[in-house]
Amino acid sequence: MKKIVVIALVFIMVVSLAACGTGNKGDKTKEDMTGSVAMVLSGLITDKAFNQFTYEGMMRAAEELGIKAAYKESVTQDEQIEVIRQFAQQGYSIVIGQGGQFGEALSIVAAEFPKTKFIFSVGTDTYGLENMSAATVSYSHAGFIGGVLAGLTTKTNKVAMIVGEFYDNHRMMEAGFYAGVAYVNPDIETTSITTGDWADTVKAREASLALIAQGYDVLFPCLDAAGAGVAAAAQDSENVWVVGSVADYAAEYSAENVTVGSVVFAWEALGYLEATGKLTDGKSHIIGMADNGIAPVINTTLDSDAKAVYDAAIADLIAGKIDIVD
Amino acid sequence: MELLKKNKRFEFAIFENLSLTTGRTLFGIFLGLLASGLLIALSGVNPFVAYGALFRGAFGSMQAVSNVLVRASPLLLGGIGVAIGIKAGVWNTGIEGYMYLGAIGAAVIGVLDLGLHPGLHILLCIVCAIVLSGCWGAIPGFLKAYKGVNEVTATIMLNYIAIYLTNWVVSNFPLVAEVGAFYPMSKQFQATARLPILIPGSSLHPGPFIGIILCLILHFVLNFTPFGYRTKMLGSNPFAARYAGVDSRKQILMIITIGAVIGGISGAIEVMGLKRRVFMEFVTGVGYESVAVALLAGGNPLGVILSALFFAALKAGGATMSIETGVASSMNSIIIGMCMLFVIGFGVIDNRKLKKIVSTDKDPENDIAAEKEGEK
């Protein structure tokens, strides 16, 4: 019984403290919330990847347009709904959920706040809600450009793609890659393998060496930190090249000597577009080459023939002449 | 008459002891908040403004309170699961894994359209979660009880297996996994398998109240049943317990399995009440936090209620704090860590004092002998 009394006393203390807290902050000045944007991120805004760049894109838009912007980093799964709802309650016009794991939570809160716009970033599902849109960079465009670069580079006419695991978007990327290789030369042999781990460098290196032993001389990795293993395998072998994706392999993994180029995902551009409010029409958007969703970086000098093929491929892609899913 | 007096004194001692531990805990928390306040000030934010936002985020509105309760749900259930282990002298650190197994169990039934009455469907999900997590928990329970394997190692290693098992289930197991999703997740739970939302416009599901009720039930079980008596006896002196005829192996197996079942219920409630799907890695450390919850409560089931709510308030308020004041989101874990450190630190000091008292009073004849020597 006495324990209960003690517990009750503690509660009273805490609640009264809370009352002091609210009392002091009651007269918070109302800010202009038109066009304001908030972003929830699964990681840190200093991760030099995905999270940081989309965040920076949003902040650039906020600065240019003079709108209020806010964010919450490292949002864990148990707090997704709560944090998204808090932003909606505070009156932000656009709430962006950055990452595939936010879809469900966004849809739950979107149904509660019909006037707020929600963007499911790096997702494609809008859950049939009018105030929820989706936006992502085009994986198939990235695959296509990577395929063209790989096709132009290979000497053995064997190129391979390496991914951690095939999710839906990586399947599209794979199809784009094959289409890109075939655009250069339909006779080039292609394959793709999974390592089962996005961050395991050793596994990625072993898988790459196995491919190289089979005569594949251009590797197209789509990995996170494990990309370093692919770059290392190429550096340890003769006449093997890497076409990077997602990150800039030459800069990120100091692999200038083996990197032909990288199809960098322009997360910054995605974050910028999302924050401007142009993507809030309740539809699913795929930001491809035409909207700078993919930023190819080329580290070698292509000879004039190769350059002509590459430029034609990019032009065809932008014009929508390439038959791949967005 | 003599007996009555003694009784009174005895009760008074308990009360004093409890107020001492509660006071110590509160003072530790206070010092923890003070130290974190200094760190917040160092990071360039006014700590009073930051703590103001924290309190508002935890208690400022009905919504805030419901946020705290929602976050408290897995901590309450996980905390009580660990706490009964502590009472029996075993460290059941596998809550993370049990939560995944419970979630899988709930999902296997929950995503199916069985055309059942909601109550029945929910019950079936929970039963399946209990069976799965119970079997999972029986593994380290058996290893600890009959093979002498360290339960901390066994449960933590099994946590990893549970995490990867869940990854496989939500990405490849055709019955449950959502095909073509951008993030590995299960299909959505059927409407009949979702827990009701108690306050519209919030996420408040019955989970936290189930947790509190379980804490109360286990408080009575531990203190007023033979089972609870055996458990506590085993925890305070395993040799004495064995001497007194307690089947310590069976008891350990049961305690770890009960913890696992409660952990499984916790995971099931989390996916049925809050998340509506099982996502890859959806627990994100809550299972380990519940070990800290139980530790802060000293294994006391009623204390678990308080310490789970305290953790949940810090977490929910901390989110608001970092949204409104821009304090780094890691500050939240720092505050929790600081409070834990100070509370545990006081525990160590108290134990030392206790030891001193015990060692000097242990053998009065020695003291007399020493005095005599001094006289000489």
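Author: Two residues are in contact when heavy atoms of theirs lie within 4.5 Å. The model here is predicted.

Reader: What do the buried residues of H4(A) pack against?

Author: They pack against helix H3 (80-89) and strands S3 (94-98), S4 (117-121) and S5 (132-137) of chain A. H10 of chain B joins them.

Reader: Why is helix H4 of chain A called largely enclosed?

Author: Buried means under 20% relative accessible area. Eight of the 10 residues of H4 (residues 103-112) are buried, so the rest of the structure largely encloses this helix. Among the buried residues are Gly103(A), Glu104(A), Leu106(A) and Ile108(A).

Reader: Is Arg277(B) buried or exposed, and how do you know?

Author: Its relative accessible area is 6%. The cut-off for buried is under 20%, so Arg277(B) counts as buried. Arg277(B) sits in the loop between helix H10 (248-275) and helix H11 (286-296) of chain B.

Reader: What makes the link from Arg277(B) to Glu178(B) a polar contact?

Author: A polar contact needs N or O atoms within 3.5 Å, one able to donate a hydrogen and the other to accept it. The side chains of Arg277(B) and Glu178(B) make such a contact at 2.7 Å. The Arg277(B) side chain also reaches the backbone oxygen of Ser186(B), at 3.0 Å.

Reader: Which residues is Arg277(B) in contact with, leaving aside neighbours within four places in sequence?

Author: Among them are Glu104(A) and Tyr127(A), along with Met185(B), Phe189(B) and Val271(B). Glu104(A) is one of the buried residues of H4(A).

Reader: What about Glu79(A): buried or exposed?

Author: Its relative accessible area is 5%, so Glu79(A) is buried. Glu79(A) is placed in the loop between strand S2 (69-72) and H3 of chain A. The side chain of Glu79(A) makes a polar contact with the side chain of Arg71(B), at 2.6 Å. Glu79(A) also touches Lys72(A), Ser74(A) and Ala319(B).

Reader: What makes Lys158(A) a charge over the ring of Tyr216(A)?

Author: For a Lys, NZ must be within 6 Å of the ring centre and within 35 degrees of the ring normal. Lys158(A) lies over the face of Tyr216(A), at 4.9 Å from the ring centre.

Reader: Why is the pair of Tyr139(A) and Phe265(A) called edge-to-face?

Author: The centres are 4.9 Å apart and the planes stand at 80°, so the label is edge-to-face. Tyr139(A) lies in helix H5 (residues 139-153) and Phe265(A) in strand S10 (residues 259-265), so the pair ties together parts 126 residues apart in sequence. Both residues are buried. Ring pairs also link them with Phe50(A) and Trp267(A) in a cluster.

Reader: What order do the six strands of the open sheet take?

Author: The order is S7-S6-S8-S9-S10-S12 in chain A, with mixed pairing.

Reader: Why do strands S7 and S12 stand at the edges?

Author: S7 (189-194) and S12 (294-298) each have a single partner strand, so one side of each lacks a neighbour in the sheet. The twist averages 15° from one strand to the next.

Reader: How do you know that S10(A) and S12(A) pair?

Author: Pairing takes at least two bridges. These strands have five, in the antiparallel sense. Gly261(A), for instance, has Ile298(A) as its bridge partner in S12(A).

Reader: Which strands does H5(A) touch as it packs on the sheet?

Author: H5(A) touches S6, S8, S9, S10 and S12 of chain A, and its direction makes about 175° with that of S10(A). Helix H8 (residues 227-235) of chain A packs on the sheet as well, touching S6, S8 and S9.

Reader: What does the secondary structure of chain B come to?

Author: Chain B has 14 helices and zero strands. Of its 376 residues, 51% are buried.

Notes
Residues numbered from 1 in each chain as written. Chains lettered and ligands numbered in written order. Predicted model: local features only at pLDDT ≥ 70, side-chain atom pairs only at ≥ 80, totals over all residues. Heavy atoms only, no water. Phe/Tyr/Trp six-rings, centres within 6.5 Å; stacked < 30°, edge-to-face > 60°. Helix = DSSP H or I, 4+ residues; strand = E, 2+ residues; numbered from the N terminus. Buried < 20%, exposed > 50% of the residue type's maximum accessible area, 1.4 Å probe, protein only. Axes fitted to C-alpha atoms, helices over the stretch in contact; angles between N-to-C directions.
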